[in-house]
Amino acid sequence: MPVLTRSAVRVLGPLVIALPALLVACTDAQPPAPPPAEPGPVAVDAARDELAALAAAAQDRHLVAQYVYSQTGQPARTITFTSANDGSWRVDVPGGALGGAADISIAATNDGLFQCALPSAGRPESASCVRLGERDDAIPRRSDPRVQHPLTDWLDVLTDRRAALAVAPASPPEGLTGTCYSVDSTSASLNAPVEVGIYCYEGDGTPTGVRTGAGTLRLAAPPGPAPATVQLAGPVVVDRDPLDTAAPPTPDPSGSPSAGTP
């Protein structure tokens, strides 16, 4: 074994002393943390998928069904909904116009979108209909009873997974049955795609009820078979406007001629 000379010891001595310290420093230093992993694809919301599937089944469900429509401070009304085999539909709404004084129906057929005035205590005339536009047009707001939307065009929104909606399972509200989901809007727009509320369905797509801020729609009895197509309640006329949902304004007595005025 070679013997180190004094000059070699003088040269190597500092290195021998420093080496253990360097080894300790390397041992104590922790390796840098790895960069965070990129987040994976967002998991599909199971409740959203389930509701979309039920709404799609409701679009294909053809039936005649009666629903009880309840609103705070108003008597309950029975709404009749017909979804025919050819895709046409009709919703009869007692008290749906003139502030509740007139009964109406809304119908969509291959010939367009119609509002029909039905004989009622507030309007004893024969049934007649006016054309509102093409089948897929929006009903003018002033003539829209709105109760038909959960059964018709809102189904398009509920089946659209791109719609700005937040969906979660919900317990059926009192009086409602079926599988229910809480639906909220995730859009900051004042015009939400559907009304916030709870939507309920049977497994075959039958809408069993909806509860929103506007009221509650509840299936009253098992639905019946659908007709081949819907029929309008009366002839189509062109010499009148659709009925408004709001009551007509009360005449101003001050505008009437006073007694003795020619």
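**Figure 1. Strand E3 and the lining of the second largest pocket.** In this predicted model, strand E3 gives the largest share of the lining of the second largest pocket, 3 residues. E3 spans residues 89–97. Strands E10 (207–212) and E11 (215–219) also each supply at least two lining residues. The pocket holds about 390 Å³ of space. By class, the lining divides into 10 nonpolar, 9 polar and 4 charged residues.

**Figure 2. The largest pocket and the residues around its centre.** About 800 Å³ of space lies in this pocket. Its lining counts 33 residues, and those closest to the centre are Trp89, His149, Thr152, Asp153 and Trp154. Two or more lining residues come from each of helix H2 (46–59), strand E2 (77–83) and helix H3 (154–159). H3 gives the largest share, 3 residues. The lining comprises 15 nonpolar, 8 polar and 10 charged residues.

**Figure 3. His149, in the lining of the largest pocket.** His149 is among the residues closest to the centre of the largest pocket. The loop that holds His149 runs between strand E6 (128–133) and H3. His149 counts as buried because its relative accessibility is 9%, under the 20% cut-off. Beyond its neighbours within four places in sequence, His149 is in contact with Asp144, Trp154 and Leu155. Trp154, too, is among the residues closest to the pocket centre.

**Figure 4. Helix H2 and its buried side.** H2 has 14 residues. From first C-alpha to last, H2 reaches 20 Å, close to the 20 Å expected at 1.5 Å a residue. Its buried residues are Ala47, Arg48, Leu51, Ala52, Leu54, Ala55 and Ala58. They lie on the same side of H2 because they cover an arc of only 165° around the axis. An α-helix has 3.6 residues a turn, so residues three or four places apart point the same way.

Figure 5. Most residues other than glycine have a negative phi. Leu98 has a phi near 55°, a positive value. The loop between E3 and strand E4 (102–109) contains Leu98. Leu98 is partly exposed, with a relative accessible area of 23%. Arg146 is not a glycine either, and its phi is positive at about 70°. The place of Arg146 is the loop between E6 and H3. With a relative accessible area of 35%, Arg146 is partly exposed.

**Figure 6. Asp160 and Ala56, separated in sequence.** Asp160 sits in the loop between H3 and E7. Its relative accessible area is 27%, so Asp160 is partly exposed. Asp160 and Ala56 are 104 residues apart in sequence. In space, their C-alpha atoms are 9.5 Å apart.

Figure 7. Ser187 belongs to the loop between E8 and E9. Ser187 is partly exposed, at a relative accessible area of 32%. Along the chain, Ser187 and Ala163 are 24 residues apart. A distance of 9.1 Å separates their C-alpha atoms.

**Figure 8. The setting of the close-ups within the protein.** The secondary structure comes to 3 helices and 11 strands. Along the sequence, the pattern reads α-α-β-β-β-β-β-β-α-β-β-β-β-β. Of the 262 residues in the protein, 36% are buried. Among contacts between residues at least 6 apart in sequence, 52% join residues at least 24 apart.

Note on methods. Residues are numbered from 1 along each chain as its sequence is written. This is a predicted model: local features need pLDDT of at least 70, side-chain atom pairs count only at pLDDT 80 or more; totals for chains, interfaces and linings use all residues. Side-chain values use heavy atoms; hydrogens and water are left out. On a 1 Å grid over the protein atoms alone, a cavity is a set of points where a 1.4 Å probe fits but cannot get out, and a pocket is an open set with protein on both sides within 12 Å along at least five of seven lines; lining residues have an atom within 4 Å of a point. Grid points are joined across faces, edges and corners, and a volume is the space filled by probe spheres set on the points. Helices (H or I, at least four residues) and strands (E, at least two) are DSSP runs, numbered from the N terminus. Ala, Val, Leu, Ile, Met, Phe, Trp, Tyr, Cys and Pro count as nonpolar, Asp, Glu, Lys and Arg as charged, and the others, Gly among them, as polar. The expected span of a helix is 1.5 Å times one less than its number of residues. Buried means under 20% relative accessible area, exposed over 50%, partly exposed in between (1.4 Å probe, protein chains only). The arc is that of the directions from the helix axis to the C-beta atoms. Contact means heavy atoms within 4.5 Å.
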